[in-house]
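Here is my note on the model, as numbered points. Please read it with the coordinates open.

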Amino acid sequence: MSDTQEIRVPDIGDFEQVPVIEVLVAEGDWLESDQSLVTLESDKATMDVPTPAAGRLVELKVSEGDTVSEGDLIGLLEVETNGESPASQSENTLPDSQTTPDRTPAPDLDTSFQDSSVPPVPFDGMGKDPASLPHASPSVRKLAREMGVDLSNVQGSGRKGRIQPDDLKAFVKERLKGAQGLGSSPFPGLAPPPAADFSKYGETEQAPLSRIQKISGPNLHRNWVSIPHVTQFDEADITDMEAFRKASKQDAEQAGTKMTPLVFLIKAVVAALKRYPQFNASLSADGESLVYKKYFHIGVAVDTPGGLVVPVLRDCDHKGLIDLALELTDVSARAREGKLKGDEMKGGCFTISSLGGIGGTAFTPIINAPELAILGVSRSETKPVWDGETFRPRLRLPLSLSYDHRVIDGSAAARFTRYLAEQLEDLRRLLL
Ligand code: CAO
């Protein structure tokens, strides 16, 4: 036996003539209990009207664009009664055949905190600004909750930005893909950079990114967005260091190399890492502790035709200036020829990126995770420095230390950079 039930608009608060923005079923459909029939949208929120029972929708009385108020007829439902009179059935399975607005189950309001078992709640009783809530049906919200997706990050493709099941699936797929292409949006929900047809504005030529760029780009991107960077700037007076470097030129040449300021910086960095061990550490995998390293392997950024690579010079605490200069010449030459082995770019504690041979006054280097800091070096310049009585020409070397502010405080970074500068200002300190 079957019975026909009316499905009416339930209590929707003080709202009248609310537009039907979506019809989710068709006449003849077999419906599950609580399945959404239509979506209504006031100027404050959207809500789905569910069917009160399982059955076949024999007639649909509304279509998209209609407006409805509490009590209006939405459709007629044919319900199997299995020989029992509707009145004798449990309210949990089948409601009365004469469903009134009061008896209709509560609409599943379009809010992230709403549960379908609560009594009817008017549109304007939702506790927070409904206009700020993303538009999505209760089934999409339920799915999003189950998958731990924050719908405010999902872009809806439906009317007025309503989030459709396919939008949610596409969002999850995108997140699962992990590494994103360099041209895509870094954050879900954030529009990708606008695609432009540059040829409309003039002649163009397209060339693929180098292999190194394709590998290092996503790593730089991850480090930039996942580490809170702060950069501390300082200057070292390297007038005396430079005099020593020039005086040692012959010794270096006899050894078959040349000593640039970079080798002095490597030694000074080792001294500063010894003095401030938290700069020679990494966060543990669970982010709960610091792993302090007892070795001093320094990475050096090398500019190659294919892109930036960072070979690591090992045990720099045990090596002299000439040894480091020889090694640096060797690895940078092999880096430019693309002959570095993978292992030679691993295991670094701290990286130095020197643009001193090119120019510039300062820059903000990106930390080479899992390291916690990186030193940028710019071109030294002779500047007038006041010595208390007069201005004297002094050679000043700009230092830019980017550090992971989750672990390193600004005061520690300032001390580290100052200490580093002091080592360069008086090389005898490096012997201590
Ligand atoms: N101030 C003034 N002069 C400097 C200097 C500084 N801070 N650093 C180097 N110089 C001088 C050197 O003494 C050398 O001069 P001479 O030829 O007269 O001796 C000249 O500049 C060129 O030095 P260099 O660059 O060949 O050698 P280096 O040891 O300083 O650096 C290397 C080696 C491999 C690090 C460097 O060649 C390089 O690739 N730097 C680029 C790193 C980079 O791209 N970083 C950016 C990362 S962020 O995108």
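**Ligand site and salt bridges**

1. A backbone N or O atom of Asp303 sits 2.9 Å from an oxygen atom of the ligand. That is inside the polar-contact cut-off (a pair of N or O atoms within 3.5 Å; within protein, one must be able to donate a hydrogen and the other to accept it, and residues adjacent in sequence count only if both atoms are side-chain atoms). For Ser378, a backbone N or O atom is 3.0 Å from a nitrogen atom of the ligand. A polar backbone atom of Ser380 lies 2.9 Å from a ligand nitrogen atom. On its own, the ligand has 960 Å² of accessible area, and the protein covers 71% of it. Areas come from the Shrake-Rupley method with a 1.4 Å probe; for residues, only the protein chains shown count as cover.

2. A word on provenance. This is a predicted model: local features need pLDDT of at least 70, side-chain atom pairs need 80 or more, and totals for chains, interfaces and linings use all residues. Residues are numbered from 1 along each chain as its sequence is written, and side-chain values use heavy atoms, with hydrogens and water left out.

3. Which residues of the shell are closest to the ligand? They are Thr260, Asp303, Arg336, Ser353 and Ser380, out of 23 residues that surround it. The shell criterion is a residue heavy atom within 4 Å. Elements that give two or more residues are α6 (261-275), β14 (302-304), α7 and β17. Helix α7 gives the most, with 3 residues. Helices (H or I, at least four residues) and strands (E, at least two) are DSSP runs, numbered from the N terminus.

4. Helix α7 (residues 321-336) also holds Arg334. Arg334 forms a salt bridge with Glu344, the closest N and O atoms being 2.6 Å apart. The cut-off is a side-chain nitrogen of Lys or Arg within 4 Å of a carboxyl oxygen of Asp or Glu. Glu344 lies in the loop between α7 and β17 (350-354), so the pair ties together parts 10 residues apart in sequence. Leaving aside residues up to four places away in sequence, Arg334 touches Lys339, Leu340 and Glu344. Contact here means heavy atoms within 4.5 Å.

5. The whole structure has 19 salt bridges. One of them joins Asp237 and Arg394, with the closest N and O atoms 2.7 Å apart. This pair links distant parts of the chain: Asp237 is in strand β10 (residues 229-237), Arg394 is in strand β20 (residues 391-404), and 157 residues separate them. Asp237 counts as buried because its relative accessibility is 12%. Arg394, at 24%, counts as partly exposed. The classes are buried under 20% relative accessible area, exposed over 50%, and partly exposed in between (1.4 Å probe, protein chains only).

6. Asp166 and Lys169 make a local pair, both in helix α2 (residues 165-176), 3 residues apart, about one turn of the helix. Their salt bridge is 3.7 Å, N to O. Asp166 is at 55% relative accessibility, so it counts as exposed.

7. Finally, the surface. Phe187, Leu190, Trp224 and Val225 make a nonpolar patch of about 400 Å². Patch residues have over 30% relative accessible area and no salt bridge; like charges are joined within 9 Å, nonpolar side chains (Val, Leu, Ile, Met, Phe, Trp, Tyr) within 5 Å. Trp224 belongs to helix α3 (residues 211-226). At 47% relative accessibility, Trp224 is classed as partly exposed.
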